[in-house]
Protein chains: 2
Amino acid sequence: MTYDAETVREILGKARAEGREALTAPEGKRVCDAYSIPTPGEGLATTADEALVLAEEIGLPVVLKIVSPDILHKTEAGGVLVGVSSVEDIRSGFDTIVANAKKYNSDAVINGVQVQQMVGGGYEVIIGATTDPTFGKVVAFGLGGVLVEVLKDITFRLAPLDQAEALSMVDGIAAAEVLKGARGAEPVDADVLANVIRRVSELVSDFPEIAEFDLNPVFASASGAVAADVRIILSTGPVQERRRIAPDEILRVMTRLMNPKSVAVIGASAETGKIGNSVMKNLINGGFAGEIHPINPKADEILGKKAYPSITAVPGDVDVAVFAIPAKFVPAALEECGDKNVPAAVLIPSGFGETGNHELQERIVEIGQRRGIRMLGPNIYGYYYTPQNLCATFCTPYDVKGGVALSSQSGGIGMAILGFARSTKMGVSAIVGLGNKADVDEDDLITYFEQDDNTNVVAMHLEDLKDGRAFVEAAQRTIRKKPIIVLKAGRTAMGARAASSHTGALAGDDKVYDDILKQAGVIRAPGLNDMLEYARGVPLLPTPQGENVVIITGAGGSGVLLSDAVVTEGLSLMDIPPDLDEAFRKFIPPFGAAGNPIDITGGEPPSTYEATIRLGLEDPRIHALILGYWHTIVTPPMVFAEVTARVVAAARAKGIDKPVVASLAGDVEVERASEYLYERRIVAYPYTTEKPVAVLGAKYRWARAAGLLKLPR
Amino acid sequence: MTYDAETVREILGKARAEGREALTAPEGKRVCDAYSIPTPGEGLATTADEALVLAEEIGLPVVLKIVSPDILHKTEAGGVLVGVSSVEDIRSGFDTIVANAKKYNSDAVINGVQVQQMVGGGYEVIIGATTDPTFGKVVAFGLGGVLVEVLKDITFRLAPLDQAEALSMVDGIAAAEVLKGARGAEPVDADVLANVIRRVSELVSDFPEIAEFDLNPVFASASGAVAADVRIILSTGPVQERRRIAPDEILRVMTRLMNPKSVAVIGASAETGKIGNSVMKNLINGGFAGEIHPINPKADEILGKKAYPSITAVPGDVDVAVFAIPAKFVPAALEECGDKNVPAAVLIPSGFGETGNHELQERIVEIGQRRGIRMLGPNIYGYYYTPQNLCATFCTPYDVKGGVALSSQSGGIGMAILGFARSTKMGVSAIVGLGNKADVDEDDLITYFEQDDNTNVVAMHLEDLKDGRAFVEAAQRTIRKKPIIVLKAGRTAMGARAASSHTGALAGDDKVYDDILKQAGVIRAPGLNDMLEYARGVPLLPTPQGENVVIITGAGGSGVLLSDAVVTEGLSLMDIPPDLDEAFRKFIPPFGAAGNPIDITGGEPPSTYEATIRLGLEDPRIHALILGYWHTIVTPPMVFAEVTARVVAAARAKGIDKPVVASLAGDVEVERASEYLYERRIVAYPYTTEKPVAVLGAKYRWARAAGLLKLPR
């Protein structure tokens, strides 16, 4: 599809030149025509006679609307007549609305009266676009009326988008069933609707000066879609370009940040309790093998390392400068880093934007950009990168190496990550504080972790995104290889936003974040503890090959609760085929329940758990197992754990590696049994049926987004 | 309001005598008239002339509808004409629909044509009633069309109900805002709508033979409400009465069950590994001070207690017989209990309804009723009642006494309760297995715990309710005194139900349970772990006096997540008045944020936590505190915990006892600090911002339901 961009450019240029924010209806229609966005047949009449000629061309009945750059709310001005169906009514109607408009605003310039095809029938939907402060151009889709306005049933995507993504919007509202022909009605043509969404997305992407765009309503039916009303709002100021850094360049500096040969600590101190002392100790005690250079003009040596008065005095290259000095001294020290060609600065100090000192923050941003220094922070606890035994932080060293890379915008959450990780012995590759994100942010980290063989999952706490579009691009690339888990805080603090369009007014922060994080393919965690549990469990589970989940349980009660959790997490209980049902039945008592959940009943010996779990692993039609254990004398917790671990290990040895999660109901021994299983990559929890299924659900959400399910639903 | 019950009785009696399930439209209207349920003006015409006379009385336009006991789907039969507005149209219309009806079903008896006032305008709502297998008569309310049919936006209550409860239905649908006049429309008269709901609820309660009842649509506006269509479906069989036991009688037996002087163990054994051995050991080792009588025909003595061949041989009264024998021997032993006048039997054995042996279960139910024995189980682990050191179970003794009474329908969940309780040192009064609930069920337990001074909260896992109405009655009585927490499993297994009415078809299991559990005033836990955490935390928190919640946090990041949780839990962040804001600001750094959350910032000493928490406790306008702690060197975890506990204790000593919950973000020391706080009735958790707020939310839900908030929202 080629569009007539030249016409749009000309219309927008003229309006902007005239200082107008809103396009007139005829301008809006021409813009739509240029991008093949269907609107009713229409024309502009400057006299009642012209209106009559146009109406005959278009066909009766018609709608008459006043056209004036000074009248935005046409209905309020008495400037609209619908269902005009006779020659006399067109004549009198023309005169009436012109008179009404003059009464409404005697200064209004009146260009004429728009004569428009009367549309209706089918469903009223809203298609729109707005400019989000985080994500830039986003498109919106919803059902008109109560559904979108009261129930806020609307969905958003980053623009531009392709036909498949546009179709996912038509299918992505709560009331989607309506459009599919609920109550015996004819379904809408979803492809045609998706086409309109796609074209709108391309229009606003091609013309960033279009701030807001509404097609409301669009009449959608089995035979097509027509936008009955178009509203286009322009931004009057200059259109800002995003500052972009090429992925290669990001990677070059991030690699030096994470794998430095030489680290300088600006403000290093020998005095216990000082941040500059804690950072030095953690670097040394953490086992960092590279050079460590304390910078302190008042010391010759700190903790056995030769100290320098300035970073410029350090011999050889310095890869990372960790700042442990008061905020006010940061700019000068940063300039010195520039002199020394230090590529990365870690700004621990607070006292910048977060305390209202935006001026100081802007100053360091300017220095960083001018001197080519990428900066982490300010206002952070520092960062850990365990493959290098690097603990550049004032917290405590962390030494359980593993594949989980975590970041947090807040220091408090960073400390919660550290404590949880230590308590659960979670294997970590990195923990990074992002703080004020004056420079380095989530997409920089993702770009590094994407190609970092030491990292197999990324988990991020964030309160906002500086550049949502860069985040989505980095995430969409990365999740093909490894999962990204996001805890987006500030979920419920809906920003009331001034907007001149429906779409703009409906674009509450969290709904936009939620839809676009989904579009990015990340796993959104509902809370802090969920993020931590997902980070710990998701990388341990192998990727499922398909959607067939089977529950094997010793407790019927757990089976019911696990089934509830399966539905909550959007998983699919496999419909067990008769031969498989028969096979399971061989192992369980006659009063046990096959089907799914498979209830082996409570009094069974370890051999029953063993046989059914083995069958579940070895039948290729089953893709994931959820186990419900019930503590009995016949099969005590550790016996269950050992049997299960052994069967799973035997299957793995044969090349069968399916995700297995377990809920253990029993006395306190189930805690040790759960740990034992977890250590063997079986995600197990005591006293909860929800958590193991939630971790499996997170794994599935990623596998689906990454296109890894061989048998998609 | 008095109703004309006589007329209804006559109409229903006639229809049932004729073996009809459905009432005709004129019958439906008469039933409505008798209960002052507003319907359009109308009459029955047997000739076109009669139709004309009626239409002139009612006023044009009218609706014509065929009246035939054999035609239920009138529209399908071509038996409805709307908007008939002239004399000629009435004549021809009459003939047309009679002809259509005859064509549709040539055998149909045709009573005539109903001439009805044409109604419309305002909003279309549905008001209905159905007979739920668990709850009996329930009423339903929803907005007509897409909202109720696609989005299932409908709400249910137990019938009959009062005006306030009926109003809560009008306000209780997701789209309630629509009825309040969204988009500038006139709001409906909610009182009038509630009146209609209330009358429907009274009608179906007065006449249990009304199986289903639909008013669909009801046109509701600012000026009134009229039901345009009435459908009434009768049950043809006899109407069953519930078997009810008077609360006093329940209490008498439950008191003996919980506080026995003498317990017999039928099937007691000296052999380790046998259930009858475990029960004996637990009774003895648990420290039960009453008599313990092993019953075993093959032994003289078991574990040092004299054994008897039969319970009838035991000298003196026996209060409780615990069964540890195979299912097939239960009936005979139960008869012997009858001979001995044992009031309560605890049936541990499985092999009854749960394995398909319904016949055996019915047999013991019959024996129990005939012999006046209340039975717990069968298919249970037994029960604990710690005030009597009573462990009548094959599990292990439990000895941390406290105020939490728990029950579970499933043995697996019972074991999870036991393990969680032991692991968290939760103070427990009772843990009771209910299993198949052949006799004793949740309302019996609630009736006991209501008046049990050893119990201050009840937590129940259930998969179904035998008698939902008895449960609601017991719960509504009890929650005035103490909270009831319910984990309803099988949440997502919606029963597809055959129904002849809209209301019946929409009454999916979980929506009915959810609404009616709310009506009962119980706290519904979303999952197993939530139920356990609520049970542990809710009784420790004092009851809040009002809705003003304040967050005090050392970590801005925790503040944001805690605010999210506050909204999720339906709590209200207090709008801090200027003088209080000023008072908080005195204690926090200038760059800290007052407002709410109050961000004291991360680097603060213990004195800042102390001063702000004290102010939060002492200002009477604040009703609950949520604390967010951030681990720093300046205020380490245990220092925070001690300071907080001290300030809270000092306030309590002055008679100020407000709920205080805390989220601790930090390294592993926060685990011990959280425990320290929890032991001092400050509900604190590490590594989660969600859980502490969820427990506070549960406490608030109860306080609101119990009418204990002095300052309701």
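Which residue forms a salt bridge with B:Arg370? Point 5 below comes back to this pair.

1. A word on the model. This is a predicted model, in which local features need pLDDT of at least 70, side-chain atom pairs count only at pLDDT 80 or more, and totals for chains, interfaces and linings use all residues. Residues are numbered from 1 along each chain as its sequence is written, chains are lettered from A and ligands numbered from 1 in the order in which they are written, and side-chain values use heavy atoms, with hydrogens and water left out.

2. Where the chains meet. On the side of chain A, 64 residues are in contact with 63 residues of chain B, contact meaning heavy atoms within 4.5 Å. Together the two chains bury about 4,800 Å², and 66% of that is on carbon and sulfur atoms. Buried area here is the accessible area (1.4 Å probe) that two parts lose on being put together, summed over both.

3. Polar links across the interface. The rule finds 18 residue pairs in polar contact between chain A and chain B, both residues being at pLDDT 80 or more. A polar contact is a pair of N or O atoms within 3.5 Å; within protein, one must be able to donate a hydrogen and the other to accept it, and residues adjacent in sequence count only if both atoms are side-chain atoms. Two salt bridges also cross this interface, a salt bridge being a side-chain nitrogen of Lys or Arg within 4 Å of a carboxyl oxygen of Asp or Glu. One of them joins A:Asp667 to B:Arg422, with the closest N and O atoms 2.8 Å apart.

4. Among the elements giving two or more residues to the side that touches chain B are helix 13 (411-424), strand 23 (484-488) and helix 19 (556-568) of chain A. Helices (H or I, at least four residues) and strands (E, at least two) are DSSP runs, numbered from the N terminus. Helix 13 of chain A gives the largest share, ten residues. The residues on this side of chain A divide into 28 nonpolar, 23 polar and 13 charged. Ala, Val, Leu, Ile, Met, Phe, Trp, Tyr, Cys and Pro count as nonpolar, Asp, Glu, Lys and Arg as charged, and the others, Gly among them, as polar.

5. The opening pair. The partner of B:Arg370 is B:Glu335, and their closest N and O atoms are 2.7 Å apart. B:Arg370 is partly exposed at 45% relative accessibility, and B:Glu335 is partly exposed at 22%; partly exposed lies between buried (under 20% relative accessible area) and exposed (over 50%), with a 1.4 Å probe and protein chains only. In chain A, a network of salt bridges links A:Glu335, A:Asp339, A:Glu366, A:Arg370 and A:Arg371.

6. A:Arg621 and A:Asp579 meet in a salt bridge at 2.8 Å, N to O. This pair links distant parts of the chain, 42 residues apart, with A:Asp579 in helix 20 (residues 578-585) of chain A. By contrast, A:Arg672 and A:Glu675 both lie in helix 23 (residues 669-679) of chain A, three residues apart, about one turn of the helix. Their salt bridge is 3.7 Å, N to O.
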